[in-house]
Amino acid sequence: MPILLVFAVAALAALLVTPAIVRVVTAHGLYGHVRGDSPTRRVPRLGGIPVWLATSAGILAAVLGPGVNAVGAGPDRFFVGVLVAGSLMFAVGLLDDLYNLRPSAKLLAQCTAAVVAYACGFRIDGITFAGATLDTAALALPLTLLWIVGVTNAFNLIDGLDGLATGIGLVALCTTLTVALMLGNLEVAMACAALGGALLGFLRYNFRPARIFLGDSGSMFVGFMLAVLSVHGSTKSAAAVLVAVPVLVLALPIMDTLLAIVRRWLRGTPVFGADERHLHHRLLAVGVTHVRAVVLLYLMAAALAVFGVLLAFGPPSLVAAVALGGAAVSMVLLLAGIKVLGYYEFVEAGAVLHSGMRGIRQSIRDQIHARDVAQVLARAESMEHIEAILGDNAEGLGLLYATVCRESSPVGGRSVLPRTVAAGAWKLECPVELNYANADPYVLRVWTEAPDDLRLLTADRTARVLAAAVRGWLTGPRTPLPAPGGVSLGHLGPTPSGASA
């Protein structure tokens, strides 16, 4: 079969070329830009060279081989297009390996390679899922660029353990090849065979202990090819792509990238910076051996890929069961993984969101009540009246105690609180007078329970609203205004039971 021939040529080329490249780059000291290598074990980072050469050999075998006519009309354009665009991405990665390009320059070059791929016919013109197709129209170019550049960088991030990215790439290529054959897309199947053979031959020297790493030249080239082939390989027609297949085939690097972006944002560190908290790093940190971590991630990638194929090609009843079951299992594994792997960024974020949702309604009620009390304070008759209004409404505002007094006054000490809550209560003081010439200005002194951060924040906002109202009373006209509708200027609690609303 032509596909087996292409695969064999690429695998043999990688097996022969890779050790030769290792000897040459080591002899000339071309290890690539060092990114945290151990000083006792320097490993070349130019594995993209043998992978690119072997893939090119496999594609050449596809073009010149006996099965090229079975591919259909215009196979040369497809193979030339994928190789030209992929070679451009490889060149960008190679320059980055040797000279450490700036992120902006690398991103611009990646976008250029993606535009070349788009011009060669690799584009997302439509999205098909569950039998329905959505035409992307004017969004075809930005969606294609986002997919290609996103997957390229996601695959680059997962290249952190010996053989990890190479094996994940093999799993994705096997799945894409299977889907392409099911849809009769032989040109994509042959391109997958070429890259898959190259990666299998390269894995012989990349698995632990690695003699050579993919580097950016290899990971960007492989990521780019996967992005292009996974989309083109799941095309049912010239204008549709099965969304489940490419997304789930590459779910592991995509998920790792999304997790990295969110946790860096939560930490307040640069989103596009580097760290050692990726999935493979965390597996090593909890005691999983290097080889077991790699194999575990291989199995996860394979399971997600099978899940994607079942969603895309299974009967409707099976699709529904797989989707619901897979979503439930994935959620459980995600939550368990966050805890076991020590991703406490998400644990803390979840705790804050949980407490926030629980108390947000009460917080809104307290703020509304504070605004009501502030309107009454503006019509107070005297400072004593203000103190009475605050005292009557403290409980309704979610406060233990509230008063206005001079800053030096002992009024409102902890002794005014019930003994059951006094020990854990927080005192807040807000300035009422902003005249710095007054040596002993008025302040609003409040006490509150603070079982969580949201409650303390609510009390602080309430105190600010009340302090502003008292300040307005001090600086405004002293003539009391009548309460609208005869409303009392005292307690503003809920309407008594049985009263008309």
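With which side chain does the side chain of Asp216 make a polar contact?

Author: In this predicted model, the side chain of Asp216 makes a polar contact with the side chain of Asn156, at 3.4 Å. Asp216 belongs to helix α8, which covers residues 215-233, and because its relative accessibility is 9%, under the 20% cut-off, Asp216 counts as buried.

Burial can also be followed in a strand, β7, which spans residues 442-448 and has seven of its seven residues buried. In a regular strand the side chains alternate between the two faces of the sheet. In β7 both faces are covered, with Tyr442, Leu444, Val446 and Thr448 buried on one side and Val443, Arg445 and Trp447 buried on the other. Strand β5 (residues 401-406) runs antiparallel to β7 and is joined to it by six bridges, with Val404 standing opposite Leu444. Strand β6 (residues 426-431) also pairs with β7 in the antiparallel sense, over six bridges, and there Trp426 has Thr448 as its bridge partner.

As for helix packing, α2 (residues 48-64) and α7 (residues 186-206) pack at an angle of about 145°, with their axes 8 Å apart, and their crossing is right-handed. The residues that meet include Ala54, Gly58 and Ile59 in α2, and Ala194, Ala198 and Phe202 in α7. The residues of this contact divide into 11 nonpolar, two polar and no charged.

Notes: Residues numbered from 1 in each chain as written. Predicted model: local features only at pLDDT ≥ 70, side-chain atom pairs only at ≥ 80, totals over all residues. Heavy atoms only, no water. Axes fitted to C-alpha atoms, helices over the stretch in contact; angles between N-to-C directions. Helix = DSSP H or I, 4+ residues; strand = E, 2+ residues; numbered from the N terminus. Left-handed = near helix turned anticlockwise from the far one by under 90°. Contact = heavy atoms within 4.5 Å. Nonpolar A, V, L, I, M, F, W, Y, C, P; charged D, E, K, R; others polar. Buried < 20%, exposed > 50% of the residue type's maximum accessible area, 1.4 Å probe, protein only. Polar contact = N/O pair within 3.5 Å; in protein donor to acceptor, adjacent residues only side chain to side chain. Pairing = 2+ DSSP bridges.
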